[in-house]
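Please go through the sequence and the structure shown below, and then read on. The paragraphs that follow take the chains in turn and end with the contact that joins them.

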Amino acid sequence: MRIRRVGAVARFELLSVVKRWSYLLATFGLPIFLAVVSGTVLGAQTYFLTQRAAESSDFGLVDEAGIVDRSVFEGRDGALVWTANANEVMLYETRDAATQDLESGRLRAVYVVEKDYLSSGEVRAIQSEKTPLLSMRGTTIEPLLRSLLRKSLVEGRLDSDVQERVISPAYFVRSRLGPNGAEVTGVDEALDLLVRTTIPLFLGILLLTALLSASGYLVQTVSTDKESKIVEVLLSSVTPEEILAGKLFGLGAAGLFQFAVWSSMVVFVAISASAALASVVSIPWGALAVAPLLFILGYLFLGSLMLATAALGANAAESQKLTMGWAMLAILPLMVLVILLDDPHGSLGQVMTWIPFTSPLTVIIRMAVDSSGIAWWEVVGAMGVLLLSTWLSSRVGARLFRVGFLLTGSRPSLAELWRQAR
Amino acid sequence: MGILAYRGVSKRFGQHTALEGVSLEVVPGEVFGLLGPNGAGKTTLIRIGLDILRADEGEVSLFGASPNSKALDRTAYLPEERGVYRRARVRELLGYLGRLKGLKRADARNAADHWLERVGLSRVADQRVESLSKGMTQKVQIAACLMTNPELCVLDEPFSGLDPVNVALVTDLIEERRASGRTTVLSTHMMHQVEALCDRVALIHRGNLVMYGELDEIRRRYSPHEVIVWTGTDLVALGVRATQHEAGAWRVALPPSATPAGYLQELVQSGVLVDRYEPLVARMDDIFVDLVGGGR
């Protein structure tokens with residue numbers, strides 16, 4: 001194989017792709033697009049939550065059992081009001097008065113302590129017709145009412161400290177062991193989730209997208225060569241193996257650059273999260289470091305198969321159909337992502353680490369979720385399997401490529417392919 | 001020794017036999033005409049010679065050895081199915097094809113500029129190929145083929161789609177190659193171009209070689225034993241087996257033993273005033289139709 005010719009093919013293919021608008025848009029537009037979408041979603045979510053918070057948080061309480069401790073209520077504008085955790089609870093003497101205020105929209109809900117409460121424990125929660133039943137989820141009113149009822153029931157019957165513990169038996173203080181083994185409190189759950197799940201997920205999706213995108217360029221370039229009928233001109237100057245290698249390297253470089261741009265977005269998020277959670281969680285630097293290597297190996301393996309198969313198609317549409325099977329195999333880890341994120345080092349994760357189609361994505365996800373659970377020999381072994389598979393696929397691929405590249409019209413039978421590829 | 005030689009070459013595609021035991025060779029410095037009707041096997045023969053396809057049987061040698069990368073660098077090929085990257089710019093495309101033939105980047109760029117000048121396309125060097133007319137695109141392809149000044153150049157239908165001015169340009173380029181000792185294989189259906197350019201020809205029909213040799217010798221071989229005599233004398237009145245060819249000209253069938261020169265001498269000696277005298281030589285069009293027309 002003549003390196004300079006391979007280089008010439010690679011350079012031409014690389015420049016042909018990177019000068020396209022679609023490539024530039026995908027490379028630089030995707031991070032912006034994702035940022036805009038994420039920003040919009042988060043912004044909308046925040047807006048609606050704020051709106052919800054601004055909604056009436058006044059509740060009515062009707063004490064038909066006559067057991068509620070009224071000492072916590074204070075008189076305001078002729079009414080008895082208990083303020084707790086930004087909620088205001090108004091005590092009504094009759095159910096009708098409370099229902100009227102509920103219908104007028106002044107109250108969000110009315111709670112009625114039924115007459116037989118002591119024997120049944122029943123407290124009726126009434127919402128207005130306009131309020132969705134689910135809208136009460138996430139509010140703190142019901143735990144507060146429980147505390148109030150407990151206080152009312154035990155008031156004066158127990159020692160004050162015991163009474164306090166009956167009302168509030170436990171305040172859970174969340175803490176966890178950080179990467180350095182120290183106990184840390186005050187963990188932000190959202191950021192924790194981001195680092196532990198979102199980063200591996202994004203990294204995996206970006207790796208897969210870059211792999212399929214670069215492979216897609218390969219399919220496209222073979223179709224272009226065949227449709228523009230330049231194949232014979234190329235083959236009278238360079239060997240099919242040189243064309244195959246040149247296309248693989250040239251378009252691989254374009255794909256690698258695209259992946260680098262996209263990964264930098266993940267790195268940026270990781271660094272931002274790291275600043276907030278440095279002592280709590282470790283950033284998956286290992287996964288980020290091996291990602292380019294896994295991309296290159298995965299791409300060379302998948303790409304050589306894609307090129308050979310695409311060459312058998314008579315046109316772009318047919319080539320895409322023929323190569324779809326390889327893409328589906330590569331997507332497999334994404335299909336079982338929930339299992340991989342939940343149990344990255346389980347049997348499924350371990351098996352998929354050794355299958356060349358699934359290993360790049362699986363290894364990345366396993367390393368990103370919990371790098372301590374994957375042994376170094378598994379990472380090196382997966383790369384070894386990928387290297388071996390790439391060697392095999394490129395040898396078979398080059399032969400099929402030679403046969404397929406010159407084909408026009410109908411596709412040959414498998415027997416004919418075998419005969420010509422020998 | 002042939003620069004490109006085939007010995008007993010056969011090629012089959014499934015049940016279809018594309019070539020059957022073809023043997024011929026192209027010698028250095030000549031313009032070799034590869035003729036045949038559509039689907040005769042010419043393109044397959046060319047592809048095998050340039051190692052694009054492999055023969056099922058027989059041997060091929062290019063520059064004295066089996067076709068290999070080094071030999072291919074000394075050749076160039078203009079296929080009948082024209083191929084270009086339509087989105088590429090003209091200079092960029094030529095530079096790339098030059099690089100594939102082994103030119104260094106600067107040399108490829110210089111050669112591209114030189115050949116665009118030669119074919120009169122300098123002004124479109126920075127345009128995309130898709131913006132060019134069919135004829136201009138064809139000239140770009142011819143420039144790409146000749147830009148490395150290859151020792152062997154295979155041109156498949158180089159004149160199709162060209163206007164008379166550009167046909168003359170390409171004809172001149174082929175003549176130049178012959179004058180400088182370069183070899184050209186010309187596959188064309190334009191028989192008058194074959195007559196004007198080729199030194200030797202081969203005719204392939206249904207995968208078989210049906211005619212092969214020196215152009216002049218073949219034309220003589222297939223010529224009728226007749227002459228055209230321009231004279232004011234009524235030859236029929238003199239008892240000659242002649243028919244009126246055109247005003248003042250007679251088409252005369254020679255006796256089997258007579259030669260054109262001997263017969264001219266006889267006419268002059270018998271007192272006929274000969275204005276002009278020409279032995280009839282078969283046209284390649286007629287030979288082609290005679291050889292392949294029967295079975296079509």
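How many bridges join strand β2 (residues 74-76) of chain A to strand β3 (residues 79-84) of chain A? In this predicted model, three bridges join the two strands, which run antiparallel. One pair can be picked out by eye: A:E74 stands opposite A:V81 in β3(A). The hairpin of β2(A) and β3(A) has two residues between the strands, and A:D77 takes a positive phi near 50 degrees there.

Strand β3(A) also pairs with strand β4 (residues 87-92) of chain A, again antiparallel, through five bridges. Here A:T83 is the residue opposite A:E88 in β4(A). The hairpin of β3(A) and β4(A) likewise has two residues between its strands, and A:N85 in this hairpin has a positive phi near 50 degrees. Strands of a sheet pair through backbone hydrogen bonds, in a parallel or an antiparallel sense.

Further along chain A there is a helix pair to look at. Helix α10 (residues 285-311) of chain A and helix α14 (residues 359-369) of chain A have axes that come within 9 Å and cross at roughly 180 degrees. An angle over 145 degrees counts as roughly antiparallel, so α10(A) is roughly antiparallel to α14(A). On the α10(A) side the residues that meet α14(A) are A:G286, A:A287, A:V290, A:A291, A:L294, A:F295, A:L297 and A:G298. Their counterparts in α14(A) are A:P360, A:V363, A:I364, A:M367 and A:A368. By class, this contact of α10(A) with α14(A) holds 11 nonpolar and two polar residues, and no charged ones.

Now turn to chain B. Chain B has 10 helices and 13 strands, and its C-alpha atoms fill a box of roughly 75 × 45 × 35 Å along the principal axes. Of the 296 residues in chain B, 39% are buried. Among contacts in chain B between residues at least 6 apart in sequence, 66% join residues at least 24 apart. The domain assignment divides chain B into domain 1 (1-74 + 150-222), domain 2 (82-147) and domain 3 (224-280). The centres of domain 1 and domain 3 of chain B, taken over C-alpha atoms, are separated by 39 Å.

Chain B contains an open sheet of four strands in the order β11-β12-β10-β13, with antiparallel pairing. Which strands stand at the edges? They are β11 (242-246) and β13 (274-279) of chain B; each has a single partner strand, so one side of each is left without a neighbour in the sheet. Neighbouring strands of this sheet are turned by 25 degrees against each other on average, direction ignored.

The partner of β13(B) is strand β10 (residues 226-231) of chain B, and the two pair in the antiparallel sense over five bridges. Within this pair, B:V229 stands opposite B:Y277 in β13(B). Helix α9 (residues 260-269) of chain B lies across β10 and β13 of chain B, and runs at about 160 degrees to β13(B).

Is each of them buried or partly exposed? A residue counts as buried if 20 or more other C-beta atoms lie within 10 Å of its own. B:F63 has 20 C-beta neighbours inside 10 Å and therefore counts as buried. B:E157 has 19 such neighbours and so counts as partly exposed.

The last step is the contact between the chains. It takes 19 residues from chain B and 18 residues from chain A. On the side of chain B that touches chain A, the elements that give two or more residues are α2 (69-73), β5 (75-78) and α3 (90-100) of chain B. Of these, α3(B) gives the most, with four residues. The residues on this side of chain B divide into 10 nonpolar, four polar and five charged.

Technical notes:
Residues are numbered from 1 along each chain as its sequence is written. Chains are lettered from A and ligands numbered from 1 in the order in which they are written. This is a predicted model: local features need pLDDT of at least 70, side-chain atom pairs count only at pLDDT 80 or more; totals for chains, interfaces and linings use all residues. Two residues are in contact if their C-beta atoms, placed from the backbone, lie within 7 Å. Ala, Val, Leu, Ile, Met, Phe, Trp, Tyr, Cys and Pro count as nonpolar, Asp, Glu, Lys and Arg as charged, and the others, Gly among them, as polar. Two strands pair if DSSP finds at least two bridges between them. Axes are lines fitted to C-alpha atoms, for helices over the stretch in contact, and angles run from 0 to 180 degrees between N-to-C directions. A residue is buried if 20 or more other C-beta atoms lie within 10 Å of its own, exposed if 12 or fewer, and partly exposed in between; C-beta atoms are placed from the backbone. Angles under 35 degrees count as roughly parallel, over 145 as roughly antiparallel, 65 to 115 as roughly perpendicular and the rest as oblique. Domain bounds come from an automatic or database domain assignment.
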